[in-house]
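Have a look at the sequence and the structure, then read on.

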Amino acid sequence: MNFGSQHFGSQLFGSRHFGLESFGLRRFGFFRSPSRFRVNILAATILGLLVLAALPAQAQSRRPPPQSNANRKAPIARENKETYTHRWEVGGGGGYLRFRSGEFTQKNSEIAFWMDTTYFLNQRLGITGEVRGGFGNAKVNNLNPYASEVGKPQISEYPFLAGPTYRFRLREKTALGAFVLGGTALGKFDGGSKGISAAELGFWPSTNARPAFSVGLNLDINLYPNIAFRIAPSYLGTTFGGTLQNNAGFEMGLVYRFGRQK
């Protein structure tokens, strides 16, 4: 049966009859050719990509130019000059020393102190004078007949040293240097022995002056241009009793800088 569907469909769905043209859709390209539609989409995509690419370039052009190496190094150079052109340094503090009190005794631990002054000829080289002191309780040999009577008597040593100091690494926050000092040392080894002589206890004889020397490192942590915290591991050689004692320890404390090099 044919109800005239062909005629009815053509009239019902025809663009003119349905009023599509009345809305102007053909004018806006909805009924243009597919190839033309694809060209428009491609052009819009390229335009969008160009806009997105231009945004970072524009933002980057507004950033301030990076500082040059010279501009970054200038404040550090000024800080180093302010720190390392002081003429004088004075320092002091405490420390620790391992010391052998006699030829056949065990080494004992000592609490130490130090005070020094350095005169700098330039930013790196200086002349140092230093006073140290070590205090501990000696270990009497168990075979000594006085061992039980005196226990662990107190002993002390006082080195007086002088020599060159050289700073071979200068930084804004730290400095590293080395020193070689020589001089003399005083020893008191029978002050706490209850009247028993140092020789009878197997200790070095008390003396007023024996050669001594020391080598070590100075690590300075700059708190301010004129104040630093120092850690100084060192070797101390003493010659009490006519023999060489190899003693090792460290010093730590504060250093104050003042005056200016010309």
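## The pocket

By class, three nonpolar, five polar and two charged residues line the largest pocket. (Ala, Val, Leu, Ile, Met, Phe, Trp, Tyr, Cys and Pro count as nonpolar, Asp, Glu, Lys and Arg as charged, and the others, Gly among them, as polar.) The lining is made up of T105, Q106, A138, K139, V140, N141, N142, A147, G151 and K152, and the volume comes to about 170 Å³.

What counts as a pocket here? On a 1 Å grid over the protein atoms alone, a pocket is an open set of points where a 1.4 Å probe fits, with protein on both sides within 12 Å along at least five of seven lines; lining residues have an atom within 4 Å of a point. Grid points are joined across faces, edges and corners, and the volume is the space filled by probe spheres set on the points.

## About the model

This is a predicted model, so local features need pLDDT of at least 70 and side-chain atom pairs count only at pLDDT 80 or more, while totals for chains, interfaces and linings use all residues. Residues are numbered from 1 along each chain as its sequence is written, and side-chain values use heavy atoms, with hydrogens and water left out.

## A partly exposed pair

How many salt bridges does a search of the whole structure find? It finds nine, each being a side-chain nitrogen of Lys or Arg within 4 Å of a carboxyl oxygen of Asp or Glu.

One of them joins E82 and R260, whose closest N and O atoms are 2.9 Å apart. E82 lies in helix α4 (residues 69–84) and R260 in the segment after β8 (245–258), so this pair ties together parts that are 178 residues apart in sequence. (Helices, H or I with at least four residues, and strands, E with at least two, are DSSP runs numbered from the N terminus.) E82 is partly exposed at 38% relative accessible area, and R260 is partly exposed too, at 39%. Buried means under 20%, exposed over 50%, and partly exposed in between (1.4 Å probe, protein chains only).

## Buried pairs and a network

E89 and R257 form another salt bridge, with 3.0 Å between the closest N and O atoms. E89 sits in strand β1 (residues 88–100) and R257 in strand β8, so they tie together parts 168 residues apart in sequence. Both E89 and R257 are buried.

Then there's R230 with D220, at 2.7 Å from N to O. R230 is in strand β7 (residues 227–238) and D220 in strand β6 (residues 207–224), ten residues apart. R230 is buried at 4% relative accessible area, and D220 is buried at 2%. A network of salt bridges links E89, D116, R167, D220, R230 and R257.
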